[in-house]
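Dear colleague,

Please find below the structure that I am handing over to you. My notes on what was found in it follow directly after.

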Amino acid sequence: MLARLPQGVPQDADFTLLEGPAATPAAGEVLVRNLYLSMDPYQRSWMAGGSYGVTATPGATVIGRAVGEVVASGDARFAAGDFVFGETGWQTLPVVSGDALEKIDTTLGPVSTAVGVLGSPGLTAWVGISDIGQPRAGETVVVSAATGAVGSVAGQIARIRGARVVGVAGDAQKCAFAVEHLGYDACVSHRSAGFAAELALACRSGVDVYFDNTGGAVSAAVFALLRQDARVALCGLVAEYGDAAARGPNMKHVLSNQALVRGFSVRRNLARMPEYRAQAAAWIHSGELKYREDITAGIEHAPAAFRGMLAGRNLGKALVRVGDDPTRG
Ligand code: NDP
């Protein structure tokens, strides 16, 4: 649980680990043994006062998505052994209402993907590219946080649609991964001293679509390259969540290029999950869509894993394994 509200980078002392017996599920409730906790940037936003149903106060269980296995159920829709997804927070044995859970179709992929490529991050990428970016073949698409949970899927969907895709990531290793494994045409490190010039070189004819995961200095550089009628899918501002002083892009580039900037929320698009999942599972099966997970073991390491994800130490979807996954050897 939260011990206090983090200031800047979350510290271990901002969290407390509590141990106690698991509760018994009442009628309508389910006892779940969590397997994976999903580390997501919105949790930092919640800790900074963002509205996600529960208020972030000292003593509050950290909110978050998780994948688990049903241990005991007071809800006829779930039985022991079912794999489920839910927003159960940072807990190992939560008891939650059955209404808050969703069964995972294990034929589509490993259960962990329900909070990654076959879950909310993947759907987010698909919505932003399909509805807002709408890249046409040959157009240049830039994706920030290009190797992360959302960005890696956004870049690959843009590539599948025939676009030329340029990633922005945190270091040379991530950039190599983006090009060699995810099929990006180019990738630039935002930590390089010559970042803006390197990005301009990689996008010689400008940027038609920007899938913005970060805001901040990265977006300032990308907006300067927007072409006429460019589209910006404003997905997230991870560079700004814990940093009120972060500087974003200059809006004159939007005005002069008559660009479209549109924010969006995956939460308003959850009804489209089955359609996305079926499409994504088919792409994974055909080898067109690749994914990677970055797994830390032990709930006691969740604060460090969370901090690492925010700092970019994750390569792929950041997860914390809190129980043995019976579906993996
Ligand atoms: P990621 O797996 O991409 O992890 C976060 C990444 O952000 C880090 O790995 C790091 O990558 C990058 N990053 C962190 N700080 C900075 C910085 N100062 N400048 C540039 N890059 C930075 O997380 P997700 O894929 O889960 O989330 C990506 C974004 O999508 C977030 O902004 C999140 O809030 C947003 N989001 C929005 C949703 C919506 O409905 N609109 C739904 C889900 C997510 P690197 O090392 O490459 O810099």
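The axes of helix α2 (residues 120–133) and helix α3 (residues 149–160) come within 8 Å of each other and cross at roughly 45°. Axes here are lines fitted to C-alpha atoms, for helices over the stretch in contact, with angles running from 0 to 180 degrees between N-to-C directions. Helices (H or I, at least four residues) are DSSP runs, as are strands (E, at least two), and both are numbered from the N terminus. The two helices α2 and α3 are therefore oblique to each other; angles under 35 degrees count as roughly parallel, over 145 as roughly antiparallel, 65 to 115 as roughly perpendicular and the rest as oblique. Their crossing is right-handed, that is, the near helix is turned clockwise from the far one by less than a right angle. On the α2 side, P121, G122, T124, A125, W126 and I129 meet A149, V150, V153, A154, I157 and A158 of α3, where contact means heavy atoms within 4.5 Å.

Please note that this is a predicted model, in which local features need pLDDT of at least 70 and side-chain atom pairs count only at pLDDT 80 or more, while totals for chains, interfaces and linings use all residues. Residues are numbered from 1 along each chain as its sequence is written, and side-chain values use heavy atoms, with hydrogens and water left out.

Across the whole structure, six aromatic pairs were found. Rings of Phe, Tyr and Trp (its six-membered ring) pair if their centres lie within 6.5 Å; planes under 30 degrees apart count as stacked, over 60 as edge-to-face and the rest as tilted. One of the pairs is Y42 with Y52, tilted, at 5.2 Å centre to centre and 45° between the planes. Y42 belongs to helix α1 (residues 42–47) and Y52 to the loop between α1 and β2 (66–73), so this pair ties together parts 10 residues apart in sequence. Y42 is buried, at 11% relative accessible area, whereas Y52 is partly exposed, at 28% (buried means under 20%, exposed over 50%, partly exposed in between, with a 1.4 Å probe and protein chains only).

W126 and Y276 also form a tilted pair, since their ring centres are 5.7 Å apart and their planes stand at 45°. Because W126 lies in α2 and Y276 in helix α8 (residues 273–286), the pair ties together parts 150 residues apart in sequence. Both residues, W126 and Y276, are buried.

Yours sincerely
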